[in-house]
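Please open the structure in the viewer and keep the selection panel at hand. The stops below are arranged so that each selection leads to the next.

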Amino acid sequence: TLPLEKRTFNPTSENVAAVAAPNFQPLSVIYWIGVSICGIRLLYGVWKIIGLMSSSEVSTIGSTKVFKSDIHHPFSFFNTIFLPQHDIESVVLEHEMTHVIRYHWVDLLITEISCIILWFNPLMIFYKRSLKIQHEYEADAGVLSGGTKVEKYLNCILQHLQSRSSGEFISSFYSQNIKQRILMMTKSKTNRTNNLLYLFSVPLVIGLLAAFSNAPVRTSDVVDALKPSNPNETVILIDPGHGGPDAGSTKDRANEKD
């Protein structure tokens, strides 16, 4: 083989590779069709909620807008709250206000975009459900921490055990995960001693990871270390990873380990 500086290149027709026409890729088409369907579905849900705003009575609680309209179930959307026209318990409003204050809509927005991009992944369905139930746990805890009795709060949500769970980009007070929420609200809380143990376990795990991890080696460091002091010298690398039953590569009946 000629050295690099002595090689020549003649731009003849034999050296020019023909550019093949792009092949039809059905998987790519199917993927973008799925993205389009999921995106249109999300936009349609947002459009319905925006249309609901125009036909609702608007009031304000602090910096949060509250819309009362002809709906059956209260929910929050972005930094707004939608309530039925009939009277509801004050704890319901507190629940939805917690969703708004804690910016749960940001999590839902990111999740919806992720679900559109990864619509083919069934795990996204379970992730979305898990995220929404975590939001409900947090909102329930926010209501109970405000002084509301557990019995009163449970009586309020038990009235709607048969309510439909919403899969849209909203946080709804009534859903099919009420049983899980009841179990979370009535379970024994972790005492402070266990919380301290959890707290101390974090630096312990970090320390173990640091102790058993190797520092990354930069390629430039390896190259600099292998440069011979004399340009006429040749550097030969011996791979220490082969030996015993592992012969490594074989060339002309010569084993790499030998």
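A residue is termed buried under 20% relative accessible area and exposed over 50%, and partly exposed in between. Glutamate 138, with a relative accessible area of 31%, is therefore partly exposed.

**Confidence**

The average pLDDT over the chain is 78, and 75% of the residues score at least 70. Where pLDDT is low, the predicted coordinates should not be read in detail.

**Helix 4**

Select residues 123-145, which form helix 4. Its 23 residues reach 33 Å from the first C-alpha to the last, close to the 33 Å expected at 1.5 Å a residue. The buried residues of helix 4 include Met124, Lys128, Leu131, Ile133, Tyr137 and Val143. Alanine 141 also lies in helix 4, but this residue is partly exposed, because its relative accessible area is 44%. After the helix comes glycine 147, whose phi is positive, near 105°.

**Salt bridges**

How many salt bridges does the structure hold? There are two. Side chains of opposite charge can pair when their charged atoms come close.

For one of the two salt bridges, select arginine 102 and glutamate 138, whose closest N and O atoms are 3.0 Å apart. Arginine 102 is in the loop between helix 2 (90-101) and helix 3, and glutamate 138 is in helix 4, so the pair ties together parts that are 36 residues apart in sequence. With a relative accessible area of 39%, arginine 102 is partly exposed.

Then select glutamate 112 and lysine 128, whose side chains form a salt bridge at 2.6 Å, N to O. Because glutamate 112 belongs to helix 3 and lysine 128 to helix 4, this pair ties together parts that are 16 residues apart in sequence. Are these two residues buried or exposed? Glutamate 112 is buried, at a relative accessible area of 7%, and lysine 128 counts as buried at 14% relative accessibility.

**Nonpolar core**

Which residues make up the largest nonpolar core? Select Ile49, Leu52, Phe67, Ile71, Phe75, Phe77 and Phe82, seven residues in all. Helix 1 (26-54) and strand 3 (75-77) are the elements that give two or more residues to this core. Centre the view on leucine 52: not counting residues up to four places away in sequence, leucine 52 touches Ser69, Ile71, Phe75 and Phe82.

**Threonine 64**

The last stop is threonine 64, located in strand 2 (residues 64-69). Threonine 64 counts as buried because its relative accessibility is 6%. To display its surroundings, select Ser59, Asn79, Thr80, Ile81, Met97 and Val100, which are in contact with threonine 64 when neighbours within four places in sequence are left aside.

Note on methods
Residues are numbered from 1 along each chain as its sequence is written. This is a predicted model: local features need pLDDT of at least 70, side-chain atom pairs count only at pLDDT 80 or more; totals for chains, interfaces and linings use all residues. Side-chain values use heavy atoms; hydrogens and water are left out. Helices (H or I, at least four residues) and strands (E, at least two) are DSSP runs, numbered from the N terminus. Buried means under 20% relative accessible area, exposed over 50%, partly exposed in between (1.4 Å probe, protein chains only). Contact means heavy atoms within 4.5 Å. The expected span of a helix is 1.5 Å times one less than its number of residues. A nonpolar core is a set of buried Ala, Val, Leu, Ile, Met, Phe, Trp, Tyr and Cys residues joined through side-chain atoms within 4.5 Å. pLDDT is the predictor's confidence in each residue, from 0 to 100. A salt bridge is a side-chain nitrogen of Lys or Arg within 4 Å of a carboxyl oxygen of Asp or Glu.
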